[in-house]
Amino acid sequence: MVDHVVWDWNGTLLADVHVVVDATAASLAAVGVDAEIDLQRYRSTFRRPLRTFYEDIVGRSVDDAEWARVNAVFGEHYLGREPALPLADGALDALERFADAGFGQSVLSMLGHDELHATLGRRGLHDWFVRVDGDHHRDGRSKAAALAEHLDVLGLEPARVVLVGDTLDDAAATAAVGSACVLVAEHSTHHARDLRTVAPAVDTLPEAVEHVLALRRSAPSST
């Protein structure tokens, strides 16, 4: 039976996709690319690795110096606006409902570890979670490897875990370790139709809560 929720942060609990798009446009301008990019185009183009995503928009290769500049400007733009970003609609209610239902909750994000703790701290959210893991070493590891380590440290059986996220990477990570997944499209960098090709996907966070609670209700009895 599912009894623990692993939360993604950016685009799932934090409503930041529009700032991500704006920061992308700013970072492109910093290397002389005046690209028209809105959420629709971003979602239609976005893929990993990120450098390839940028090269698709630019229409040519991006050299190392340009890539360093892109990352610096993106980070400056995003971090400057992040403190004012709202949580996704229904985020606090979701945390409360899962806690009331007896779920353990943790956060796993590929945001830098220190930045993740800082953004949660600004919003007073740490007490909801038994563990918070960002990218500790900025070593380029996959979300799947990070999830496997996260669950191992917590001593959790993957089959008892559901990840609530918003990207194809989140779905791939849960498939790799054997956990359940539900994806939320509202603030995703992907189109909802693309999310639905890899995992159950809903439009909003409250719908994700209902999906997770339904997983528990549909679990076979052990008696």
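1. A crossing of two helices is left-handed if the near helix is turned anticlockwise from the far one by less than a right angle, and right-handed if clockwise. In this predicted model, the crossing of α1 and α4 is right-handed.

2. Sorted by class, the contact of α1 with α4 holds eight nonpolar, three polar and two charged residues.

3. Helix α1 has 13 residues, which at 1.5 Å a residue should span 18 Å; the C-alpha atoms at its ends are 19 Å apart, which agrees. Buried in α1 are Val17, Val19, Val20, Val21, Ala23, Thr24, Ser27 and Leu28. An α-helix has 3.6 residues a turn, so residues three or four places apart point the same way.

4. Apart from neighbours within four places in sequence, Thr24 is in contact with Ile37, Tyr42, Phe53, Tyr54 and Phe74.

5. Helix α4 has 18 residues and reaches 26 Å from its first C-alpha to its last, close to the 26 Å expected at 1.5 Å a residue. Glu66, Trp67, Val70, Val73, Gly75 and Tyr78 are the buried residues of α4. The cover over the buried residues of α4 includes α1 and α3.

6. How do α3 and α4 pack, by angle and by distance between axes? The angle is about 100 degrees and the axes are 12 Å apart. That makes α3 roughly perpendicular to α4, because angles of 65 to 115 degrees count as such. Leu50, Arg51 and Tyr54 of α3 make the contact with Asp64, Trp67, Val70 and Phe74 of α4. The contact of α3 with α4 has five nonpolar, no polar and two charged residues.

7. Glu66 is a residue to check by eye. Glu66 is found in helix α4, and at 17% relative accessibility Glu66 counts as buried, because the limit is under 20%. Not counting residues up to four places away in sequence, Glu66 touches Val31, Arg60 and Ser61. Glu66 and Gly112 are 46 residues apart in sequence, with their C-alpha atoms 21 Å apart in space.

8. Which peptide bond is cis, with omega near 5 degrees? The bond from Arg48 to Pro49 is cis. Pro49 has its place in the loop between α2 and α3.

9. A further helix pair is α7 (residues 143-154) with α8 (residues 168-177), which pack at about 55 degrees with axes 8 Å apart. That makes α7 oblique to α8, because 55 degrees is in neither the parallel class, under 35, nor the perpendicular class, 65 to 115. The crossing of α7 and α8 is right-handed. From α7, Lys143, Ala144, Leu147, Ala148 and Leu151 take part in the contact; from α8, Asp169, Asp170, Ala173, Thr174, Ala176 and Val177 do. By class, the residues of the contact of α7 with α8 divide into seven nonpolar, one polar and three charged.

10. Thr167 is found in the loop between β4 (161-165) and α8. Is Thr167 buried or exposed? With a relative accessible area of 13%, Thr167 is buried. Leaving out residues up to four places away in sequence, Thr167 touches Leu183, Thr189, His190 and Leu195. Thr167 and His211 are 44 residues apart in sequence and, C-alpha to C-alpha, 17 Å apart in space.

How values were computed
Residues numbered from 1 in each chain as written. Predicted model: local features only at pLDDT ≥ 70, side-chain atom pairs only at ≥ 80, totals over all residues. Heavy atoms only, no water. Contact = heavy atoms within 4.5 Å. Axes fitted to C-alpha atoms, helices over the stretch in contact; angles between N-to-C directions. Helix = DSSP H or I, 4+ residues; strand = E, 2+ residues; numbered from the N terminus. Parallel < 35°, antiparallel > 145°, perpendicular 65-115°, else oblique. Nonpolar A, V, L, I, M, F, W, Y, C, P; charged D, E, K, R; others polar. Expected span 1.5 Å × (residues − 1). Buried < 20%, exposed > 50% of the residue type's maximum accessible area, 1.4 Å probe, protein only.
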